[in-house]
Amino acid sequence: MAMTKSQLIAIAEGLFDGWNRQDVEAVVARYTDDLVYVDPNTRGAVEGADAMRRYLGKLFGRWEMHWSLRELFPLADADGAAALWHASFRKPGGGQAVEADGMDLVLLDGDRVKRNEVYFDRAVLAPLVG
């Protein structure tokens, strides 16, 4: 039976909670052991829980991020959703922040994410990395 929109929103909010707290283990627990994750900062796919753990450890050391869900669109033929979000990024320790809007394609296995593709214009980060 397909998940309801409210169930999908609850999964998204739980996932964002772990990301916002930058809690590697809480985030990894929301994914399947054989996950596939891609975002504009990865060089190819991050595959599996151990690789995700290593990626998040590096990512969370380089960025302070906050994510909020804007809209969620359930997929018709699979358990998952397209989620529109808003985020802020800053280097650790404060200073200038930049904001971005983007979208995730998320496929689920039960209530855990098995595939997560993140899309946003990475150019918005340029003021913080230049």
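In the residue classes used for these views, Ala, Val, Leu, Ile, Met, Phe, Trp, Tyr, Cys and Pro count as nonpolar, Asp, Glu, Lys and Arg count as charged, and the others, Gly among them, count as polar. The structure shown in every view is a predicted model.

**View 1. The second largest cavity and its lining.** The second largest cavity has a volume of about 100 Å³, and by class its lining has 8 nonpolar, 1 polar and 1 charged residues. The residues that line the second largest cavity are L15, F16, W19, Y31, Y37, W67, W85, D104, N116 and V118. At least two lining residues are supplied by each of α1, β1 and β6, and α1 gives the most to this lining, with 3 residues.

**View 2. The largest cavity and its lining.** The elements that give two or more residues to the lining of the largest cavity are α1, β4 and β5, and α1 gives the most, with 5 residues. By class, the lining of the largest cavity has 11 nonpolar, 1 polar and 1 charged residues.

**View 3. The largest nonpolar core.** As a general background to this view, nonpolar side chains tend to be buried together in soluble globular proteins. The largest nonpolar core of the model has 38 residues, and those with the most contacts inside it are W19, Y31, Y37, M52, L56 and F89. Two or more residues of this core come from each of α1 (5-21), α2 (24-28), β1 (31-38), α3 (49-62), β3 (64-74), β4 (80-90), β5 (97-109) and β6 (112-119). The largest share, 7 residues, comes from α3. When residues up to four places away in sequence are not counted, Y31 touches L15, W19, Y37, M52, R112, V113 and N116.

**View 4. The open sheet and the surroundings of β4.** An open sheet with mixed pairing is formed by 6 strands in the order β2-β1-β6-β5-β4-β3. The edge strands of the sheet are β2 (46-47) and β3, each of which pairs on one side only. On one side of β4, 10 bridges pair it with β3 in the antiparallel sense, and these two strands form a hairpin with 5 residues between them. β4 is also joined to β5, which runs antiparallel to it, by 11 bridges. In the hairpin of β4 and β5, which has 6 residues between the strands, G93 takes a positive phi near 95°. Within β4, F89 stands opposite M65, while its bridge partner in β5 is V98; the partner of S88 in β5 is E99. Because 8 of the 11 residues of β4 are buried, this strand is largely enclosed by the rest of the structure.

View 5. T32 and V36 have their places in strand β1. T32 has a relative accessible area of 6% and therefore falls under the 20% limit for buried residues. V36, at 29% relative accessibility, counts as partly exposed, because that class lies between the 20% and 50% limits. Leaving aside neighbours within four places in sequence, T32 is in contact with D109, R112, V113 and K114, whereas V36, with residues up to four places away again not counted, touches A45, V46, E47, K114, R115 and N116. The C-alpha atoms of V36 and F89 are separated by 23 Å, and these residues are 53 residues apart along the chain.

**View 6. The largest pocket.** The volume of the largest pocket is about 370 Å³. Of the 16 residues that line the largest pocket, N41, R43, Y55, K58 and R62 are the closest to its centre. α3 gives the most to this lining, with 6 residues, and by class the lining of the largest pocket has 7 nonpolar, 3 polar and 6 charged residues.

Technical notes. Residues are numbered from 1 along each chain as its sequence is written. This is a predicted model: local features need pLDDT of at least 70, side-chain atom pairs count only at pLDDT 80 or more; totals for chains, interfaces and linings use all residues. Side-chain values use heavy atoms; hydrogens and water are left out. A nonpolar core is a set of buried Ala, Val, Leu, Ile, Met, Phe, Trp, Tyr and Cys residues joined through side-chain atoms within 4.5 Å. Buried means under 20% relative accessible area, exposed over 50%, partly exposed in between (1.4 Å probe, protein chains only). Helices (H or I, at least four residues) and strands (E, at least two) are DSSP runs, numbered from the N terminus. Contact means heavy atoms within 4.5 Å. On a 1 Å grid over the protein atoms alone, a cavity is a set of points where a 1.4 Å probe fits but cannot get out, and a pocket is an open set with protein on both sides within 12 Å along at least five of seven lines; lining residues have an atom within 4 Å of a point. Grid points are joined across faces, edges and corners, and a volume is the space filled by probe spheres set on the points. Two strands pair if DSSP finds at least two bridges between them.
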